[in-house]
Amino acid sequence: MIRERFSLTGKTALVTGASRGIGRAIALGFAEHGADLVLSSRKAADLEAVAEEIRALGRSATVVPANVSRAEEIDALATTLDERGLAIDVLVNNAGTNPVMSAIVDLEPRAWAKIMDTNLTGPFLLCRALAPGMAKRGSGSIINVASNGGIQPAPGIGAYCVSKAALIHLTRCLATELGPSGVRVNAIAPGLVETKFAEALFQGPGYQEFMKRNPLRRHAQPEEIAGTALLLASDAGSYATGEVIVLDGGSSL
Ligand SMILES: NC(=O)c1ccc[n+]([C@@H]2O[C@H](COP(=O)([O-])OP(=O)(O)OC[C@H]3O[C@@H](n4cnc5c(N)ncnc54)[C@H](OP(=O)(O)O)[C@@H]3O)[C@@H](O)[C@H]2O)c1
């Protein structure tokens with residue numbers, strides 16, 4: 001039955017950036033489909049609120065705060081998972097940032113480093129910590145939340161676009177490395193989604209112009225990203241690896 005292939009019953013999923021926006025929507029969507037969740041971001045209190053929503057759906061939710069850009073915090077997260085006997089079947093590298101709008105050549109090196117450390121090194125650290133366990137067990141799904149900016153340059157967020165382009169290539173390289181062990185690695189590349197992260201883009205002067213180039217003439221809601229994450233996480237997506245699924249309402253056509 002195809003419906004059963006979308007089930008995540010018996011699976012444990014770790015979602016970074018799970019406290020709000022796209023990460024929260026993915027975590028709740030996975031819980032609705034039977035997964036138990038490990039929720040991570042920097043702020044425990046925000047994660048606890050999402051954990052309560054997941055528990056209300058009858059699934060377990062464990063909060064493990066960590067800054068994805070710090071190797072020692074990811075090591076500590078992995079230790080916590082081991083101590084609690086939590087083996088991760090699905091990893092969603094969703095936490096991301098873009099602290100400033102700037103042309104690349106005007107960017108302070110510190111801002112460049114923050115973007116790369118969070119958007120690229122973070123997923124690397126989490127894959128490094130969790131993929132060997134998946135490989136040992138012979139199965140797993142890693143989903144990297146990239147951006148359509150990782151495919152087509154966007155003005156004012158060039159460094160962010162570079163980080164997401166690299167994340168897409170990390171996805172492909174890891175897919176080749178981990179495929180023989182039964183671990184799939186895919187990316188989702190959203191366009192504009194209504195979250196705190198994208199607030200500045202909604203208020204920017206180019207928003208109306210930008211929407212004229214979008215065939216659906218609207219931006220997305222976070223829940224519209226969660227369905228594709230479910231496909232990639234579950235057996236319904238069992239033959240997909242190294243893929244980049246663009247969800248931008250056709251903006252990049
Ligand atoms: N919204 C869009 O239009 C859009 C489009 C394309 C791609 N994306 C991507 O989608 C992902 C989610 O973004 P969103 O729009 O849902 O943003 P959001 O609502 O601002 O959520 C970002 C999440 O990431 C966490 N986070 C930020 N920096 C972190 C760090 N260093 N370590 C750990 N957690 C961190 C935040 O929680 P804490 O503050 O508690 O850490 C929060 O949970 C990002 O990778 C973003 O690049 C978004």
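**View 1. Strand 4 (residues 90-93) and strand 5 run parallel, joined by 4 bridges.** Pairing here takes at least two DSSP bridges between the strands. Helices (H or I, at least four residues) and strands (E, at least two) are DSSP runs, numbered from the N terminus. Look for Leu91, whose bridge partner in strand 5 is Ile142. A quick note on the model: it's a predicted one, where local features need pLDDT of at least 70, side-chain atom pairs count only at pLDDT 80 or more, and totals for chains, interfaces and linings use all residues. Residues are numbered from 1 along each chain as its sequence is written.

**View 2. Strand 5 (residues 140-145) is mostly covered, with 6 of its 6 residues buried.** Buried means 20 or more other C-beta atoms, placed from the backbone, within 10 Å of the residue's own. Gly140, Ile142 and Asn144 point one way, while Ser141, Ile143 and Val145 point the other. In a regular strand, side chains alternate between the two faces of the sheet.

**View 3. On to strand 6 (residues 183-190), which runs parallel to strand 5 through 6 bridges.** Val145 sits opposite Ile188 of strand 6.

**View 4. The ligand is surrounded by 28 residues, each with its backbone-placed C-beta atom within 6 Å of it.** The closest are Gly17, Gly21, Arg42, Gly96 and Phe197. Helix 2 (residues 21-32) gives the most to this shell, with 3 residues.

Note on methods: Buried ≥ 20, exposed ≤ 12 C-beta atoms within 10 Å, placed from the backbone.
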